[in-house]
There are 2 protein chains.
Amino acid sequence: MNSLDALRTRLATVYDLNKAASVLEWDQETYMPRGAAEARSQQLATLRSLSHAHFTDDETGALLEDAHISTSDLDADHPTRALVRVTQRDYDRATRLPARLVSEFATATSRAKQAWQAARADDDYSQFAPHLERVMALSIEKADAFGAASPRDRYDVLLDEYEPGMTAAEVAREFAELRAGLVPLVEAIAGAPQVDDRFLHAPFDEDAQWAFGLDVAQAFGYDLAHGRQDRSTHPFSTTFAIDDVRITTRIDSQFFPSGFFGTLHETGHALYERGVSSDYARSPLASGTSLGMHESQSRLWENQVGRSRAFWHHWYPTLQAVFPTQLGGVALDVYYRAINRVAPSFIRVEADEVTYNLHVMVRFEIERALIEGSLAVVDVPEAWNGAMEDYLGVTPPTDREGCLQDIHWSLGLVGYFPTYTLGTLMSAQLFAAAQRDLGDLANHFARGSFLPFREWLRAHIHQHGRVHTATELLERVCGVGLDAGPWLEYARAKYTLIYDLAA
Amino acid sequence: MNSLDALRTRLATVYDLNKAASVLEWDQETYMPRGAAEARSQQLATLRSLSHAHFTDDETGALLEDAHISTSDLDADHPTRALVRVTQRDYDRATRLPARLVSEFATATSRAKQAWQAARADDDYSQFAPHLERVMALSIEKADAFGAASPRDRYDVLLDEYEPGMTAAEVAREFAELRAGLVPLVEAIAGAPQVDDRFLHAPFDEDAQWAFGLDVAQAFGYDLAHGRQDRSTHPFSTTFAIDDVRITTRIDSQFFPSGFFGTLHETGHALYERGVSSDYARSPLASGTSLGMHESQSRLWENQVGRSRAFWHHWYPTLQAVFPTQLGGVALDVYYRAINRVAPSFIRVEADEVTYNLHVMVRFEIERALIEGSLAVVDVPEAWNGAMEDYLGVTPPTDREGCLQDIHWSLGLVGYFPTYTLGTLMSAQLFAAAQRDLGDLANHFARGSFLPFREWLRAHIHQHGRVHTATELLERVCGVGLDAGPWLEYARAKYTLIYDLAA
């Protein structure tokens, strides 16, 4: 066996171990009896630790060295070179953290998560602050261990974990453009007559919701021979293999959009993972290339498709037939406006398509300032509330509805938040590029035709797995890298019509 | 860390890997989309292979050597000595098979399974015969590798895999006694007026069956905080941890007893695994001690409890309330006789409590003769049909309904069949011992009280895990080892009443 084959074999073992852990985690969130938590966490720790040991073994490093030499004649785009490049990247990340730091990080985040839960329950930021202090200090250590050349590079290094190749400066530039366009749009909407969506807050049979959501997911090309949907407290998608990508959802029996758009969102993630070329099976290439690009896929199907008028032109009669009492007397346009209602609010995960991005910006600016040292942990609530007032025109009445609402920082996820909005921006760039190639997508959707769009995404994005970075993919497909323009254009056009704003 | 702790840590890792594989197998049988089979089989192979490598590593052997020395002062019954003893046994088994034989066995059984499926479909034994020949030859090699001192020891060695410490001679002796008592009983029943169970072949709502079965399982002490029931093609129970033992069942919408007694059977297995002392968590002791003892637990709850008149004295009114149309007009005694209907048949898995054991004997005698060389593979159908005629008074019209009905031999499971009837015999021995301690159990069951019996089983059998062999447990609890007497006594008493036979 040559060393490239030996490397592939080793990586397949690591992949299988990680995916076995994913199955155990999926079970934990869907079916596991509650009394099994302790045993399950031991099993997961065992799998994660074996996977880590296997991957970071010196032998992996030696095989990688050989592999660089044996693939040096190949094009940079060649999947085998990409495999070596991506594996080297993961290997460096996995081996550069000293064991002491890994262990301290695990302990600190475990405590921080508990402290965050208590702090949120008690609406008492002071309980969380010392833990946040510690997590940020360790995140800085982590950035330095990953090779941050200077304190100014630290946030880039952390962001790079989730969005390879993207820099904080690039994000900040596009976010500034986005904010400049969004804040006036939100203000204009606030000044317009408001949309009434009260008829969506009514009893909707859960099984009927479930079936309708799955019908649409299948119309998007999600194949139940290689996937399934289960219930969980928090919706997610998870990959066990390219041939087994599952989604979960949570149905709200009193509010139809919650479960339905959740299903579409997770379907978007799942179609990405399902679309990766089978040539990359059981390798580090067999996954979406970044969190931002992943989120672009979920947003595309949830928002650009699922909240479009064309989509409902086709599907609304079916939905009315499923829920005649609730929707039989509601006209398509009234329904369409209701599912696109915009209203500034305090909680990110409940925010609409427009204001959502402003929530993300607040977090990005605060965590970047914390890492760069220009903001003290004690001042986070004030910074948070000030930014909310500036961007959204609302001030959270409590920290529970403010800086204590998200779990991310307690888990040490720093550099993660911006990827939510990166996904939003990328989704509009890709949608525009697809329209360039396929013609007006509304015409497709209005006829109930979604597969050409899915095939386009597969050809241009999905199949490549991690061969190219998100920026490389955008440049190949759209001609430019990250760009806030297309999404702003999309949002302005859509909401000008919905809220009858002066153009 | 001393070497005993190091051994425990190593064994915990192996346990976690095996249990992760169990979760993946459970998912495969319950929820996995059909297109994921190939990827799943790779993942399972990876987990099994890592577990095997970790367990059979020389380091395990070295730690075991140290552990023998450091525990030599302890009583033989001491759990730590038992841990070392049981682990040594498993280690010897796992390391004695040469890699070549493991690989040949895997290939041969994989082919044999396919050939068996085709042969059964075509009712053509000649397609299966060469594969059975090969599997038996490799089983003999396996027995020799495990240390069979002479050809006469081979079957003992194979049986020992599933029923540690039991010998073929011991099995044959008790089976002979059993057969001598059973054949006339079956004949007497055949000569009596037959029981009519046609009213059980009717539509029974699946959800109502499901709920009733789970209610009874919980009354037996099966706790849904540490277990759950799902659907699968073939019912099974599976252990992910002492705190997470699950069952599956298959509901027949046209025949109530199928799913219900399946649930009770698997509940019996699950209560055993759930009852193991938490001191043995994540170790080789954390499991039932043998297949026979395991089967005794499933048979106890399915038959001695679930098919008893006392049980239905308590539960039948509830069942009638659940199925008033089907059972409202059926008297308890009519129902009781119907669920205990005895009728010689061709298919083991559909056999009643009485004739079941004769099916098992046919297989035991044939596989033993094959291993000992006194029967040729080509002569199996004749031997099978002859024994069926002798024991049950029926001759299978086809090999599909005869020697081709079971999957076991194609998988290389030789020495496995007898444990089904060993379980039957042990169940009656334990039931008798429990009555000695608790008084007439029928009085408990008729009041709906099942937990004292479950607690008795936990104290005397379950909690010990693999510390004692089945024979040791029987000797401790019943004063003697394996004994066919109590079950024969139970069967004679029960069926004399049901069929109104001359005593």
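Rings of Phe, Tyr and Trp (for Trp, the six-membered ring) pair if their centres lie within 6.5 Å; planes under 30 degrees apart count as stacked, over 60 as edge-to-face and the rest as tilted. The structure is a predicted model, in which local features need pLDDT of at least 70 and side-chain atom pairs count only at pLDDT 80 or more, while totals for chains, interfaces and linings use all residues. Residues are numbered from 1 along each chain as its sequence is written, chains are lettered from A and ligands numbered from 1 in the order in which they are written, and side-chain values use heavy atoms, with hydrogens and water left out.

**Exercise 1.** State how many aromatic pairs the whole structure holds, and classify the pair A:F311 and A:W312.

*Solution.* Step 1: the search over all chains gives 75 aromatic pairs. Step 2: the ring centres of A:F311 and A:W312 are 4.8 Å apart and their planes stand at 85 degrees, so this pair is edge-to-face. Step 3: both A:F311 and A:W312 are buried (under 20% relative accessible area; exposed is over 50%, partly exposed in between; 1.4 Å probe, protein chains only).

**Exercise 2.** Classify the pair A:F431 and A:F453, and determine which helices it ties together.

*Solution.* Step 1: with 5.8 Å centre to centre and 75 degrees between the planes, A:F431 and A:F453 are edge-to-face. Step 2: A:F431 belongs to helix α17 (residues 418-438) of chain A and A:F453 to helix α19 (residues 451-460) of chain A, so the pair links parts 22 residues apart in sequence. Helices (H or I, at least four residues) and strands (E, at least two) are DSSP runs, numbered from the N terminus. Step 3: A:F431 has 13% relative accessibility and counts as buried; A:F453, at 1%, also counts as buried.

**Exercise 3.** Describe the contact between chain A and chain B.

*Solution.* Step 1: contact (heavy atoms within 4.5 Å) involves 33 residues from chain A and 33 residues from chain B. Step 2: about 2,700 Å² is buried between the two chains, 63% of it given by carbon and sulfur atoms; buried area is the accessible area (1.4 Å probe) that two parts lose on being put together, summed over both. Step 3: in chain A, the residues A:Y31, A:P33 and A:Q43 lose the most area to chain B, together 19% of what that side buries. Step 4: four salt bridges cross this interface (a side-chain nitrogen of Lys or Arg within 4 Å of a carboxyl oxygen of Asp or Glu). Step 5: A:R246 forms a salt bridge with B:D27, their closest N and O atoms being 2.8 Å apart.
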